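Trainee: Please take a close look at one part for me: the place where the two chains meet. What does each side bring to it?

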Amino acid sequence: MLKELSKIKYYVVAALVALGVFMWAGLTGMRLMGDDNESVENQNSYYGNSGHSGGHGSRFYHK
Amino acid sequence: MIDMATFGQTSPSATLPCPKCQTTITYYDVSGSLYYVCPNCYTFFKYENGEPPEILTDFPNTNPSLVFPIGTEGYLNNQFVRVVGFIHKQEAGTSYNWTEHMLLQQDGRYVQLAEYQGHWMVIEPTERIYRQFSPGSNYIDADGKSYKLFNRYKADILNAAGEFDWNILDDKTLSVSEYINPPYMLISEEDDKRSDWYEAHYISQVDLAKAFAIDKQSLPASYGVGAIEPADPEDRWGAAFAFTGMMLVAVIVAQVILNIVKPSKQLLNESFRTEVDSAGAVKPVITSSFDVAGSAALNFDLSATLANAWIELPITLVNEQSGRVYEFTKTLEYYHGVESGESWSEGSSTDNAVLSRIPSGRYHLNIYPAIEGVRLIPFRVIVEQNTTLTSNLVGILVLLAIFPAYLFWSRQSFETRRWSNSDFADKEE
C-alpha cells in the first residue's frame, strides 16, 4: 500500500493537506472561496462608525 | 572452423573465414549458427557441416552503426546475453525502418531486441499458439488480457551483420501481425510453410542501458509513442484512482463529523414589510437579537413578494457586545409577463448570502431596504448558523479530482498518439 502511494506521494500530501484545511474550515465556519461580507472596516467597526452605502438612499441605523 | 575460445559469461566463440575475402569471422553460437555476414565485405553466406560455403547475397557495403556491436555482452532476463546478430529492416512499400539485435542467452536460447524510433522491446519465441477472439476479429484474448491488432506488414532486409540460425532472406515472405496490450505484444509470423508466435515486452532505455552497462545517452533518442510503450509506467493512475476513492470517503466522513459537531441551527426567521416615512424614505428595519455560537458560518436566506418589482436589501450584522459589523447587500428582482402569447419571467424573488467565521456573541440585523416608488413589499429573512458550506465541499472534491483527471487525460492523449501510428486505429473497440 505504502509502495503504491509512494508513486503519487505529492498528490497524497496535497490531498491530506486539503482534507485538513477542509476540516479546519468546517470547524471554524470559514468559507474558503470568500463570503459575502462587504465591510471594509470590518475588523474594528463599532456602532455608529460603519457607514452604509445603500444604492437607493437608505440611512445607517442601529439600535 | 578454428580457434574455439571461452570468454565472458556467455557461450564460447569460434572463427571461420569469409568465403569471399577470407576475413576471419568470429561467431558465438557454435552449434546453432548456419548463416553469417562478413564484417569486411558484407557477404551473406551459409556454412554448414564443413560443406563449402554458399554465398547467398551481398548486403550494402556500409558498416551499419550498431548500438550494440556484435559480441557485446549484457545481462537481460536474469541471465547473461551476447549480441550475435543484427538486422536492419524496412516495412515493405514504406519508409518505416527498424533494427533487430539477436541476443544469444547463456542458456543457448535466443531473444531479440527490436528498436523503432528509440523505443525498444524484448521479443522471445513461444511455443504457444494464439488465436483471434473470433475469425476476422482484430483481437486476441490471452491470460486475461485483450491484445488489439496494431500493425500488419511484410518486411524487407536492408542490412545485416553477425550470425543467424536461419536464413534471414526468407523473412521477406513472412506476413507479420502485431497485437498489443502495452507494455506487451504478441507477434505472429506466418507464410505458406509455418506460423510462429512471439511474445514481446517493452524495455525502457534506462533498463536497457543498465542491462548493457552503457550510458543511456548513447542510445538513439526516442520520439513519438512506442507501440507498446506504457502510458503510465509507474501505474500512477491505479494508485491515484484508489487513493482518490479513499479520500472521497474521508471527505464524506469529515462532512458528517462536521454536521454532528457543529449542527446547523436556525437563529432568526422574521418577516417584514417596507414602510415609508413622512419624508418619503423607506424606514430601516431592525431584527430581533439572536445568539451565535461561533466561530460559525451564517447563511442568510432572503425572499420577497415581488411582481415586476425589485427590492435592494443592504444588511448589516451587528455584534451587540463588540460593535463589530458585517455588511452585505442583495437585490431581489422578479419580472414576468406575456409577450406574443408566450409567458416569460426573469430574475428571482429569493437569494442567499453567507458570512463566515462569525465569532460567538449576540447579534441583530439592521436592514436598509430600498425599493422603487412607495410600494409595500413584504420580505423575509432567515438566518441559520453552521450552514453546510457547499462551496468548501465542492472545492475539495474538485481539488481531489484534478490529479486523477490529469492522469486520465494524459493516458487518453497518449493512447491517441499511439494509435495514430496504426492502420488499425479505427478498428479499436
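Mentor: Chain A puts 45 residues into the contact, and chain B puts in 60. Contact here means heavy atoms within 4.5 Å. This is a predicted model, in which local features need pLDDT of at least 70 and side-chain atom pairs count only at pLDDT 80 or more, while totals for chains, interfaces and linings use all residues. Side-chain values use heavy atoms, without hydrogens and water; residues are numbered from 1 along each chain as its sequence is written, and chains are lettered from A in the order in which they are written.

Now the area. The size of an interface is often given as the accessible area lost when the parts come together. Chain A and chain B bury about 4,500 Å² between them. That is the accessible area (1.4 Å probe) lost on being put together, summed over both. Carbon and sulfur atoms account for 62% of it.

Next, the pairs. The rule finds one salt bridge across the interface (a side-chain nitrogen of Lys or Arg within 4 Å of a carboxyl oxygen of Asp or Glu). B:K330 forms a salt bridge with A:D36, and their closest N and O atoms are 3.4 Å apart.

Turn to the chain A side, the one that touches chain B. Helices α1 (2-6) and α2 (9-28) of chain A are the elements that give two or more residues to it. Such helices are DSSP runs (H or I, at least four residues), numbered from the N terminus. α2(A) gives the most, with 13 residues.

Conventions. Buried area = accessible area lost by both parts, 1.4 Å probe.
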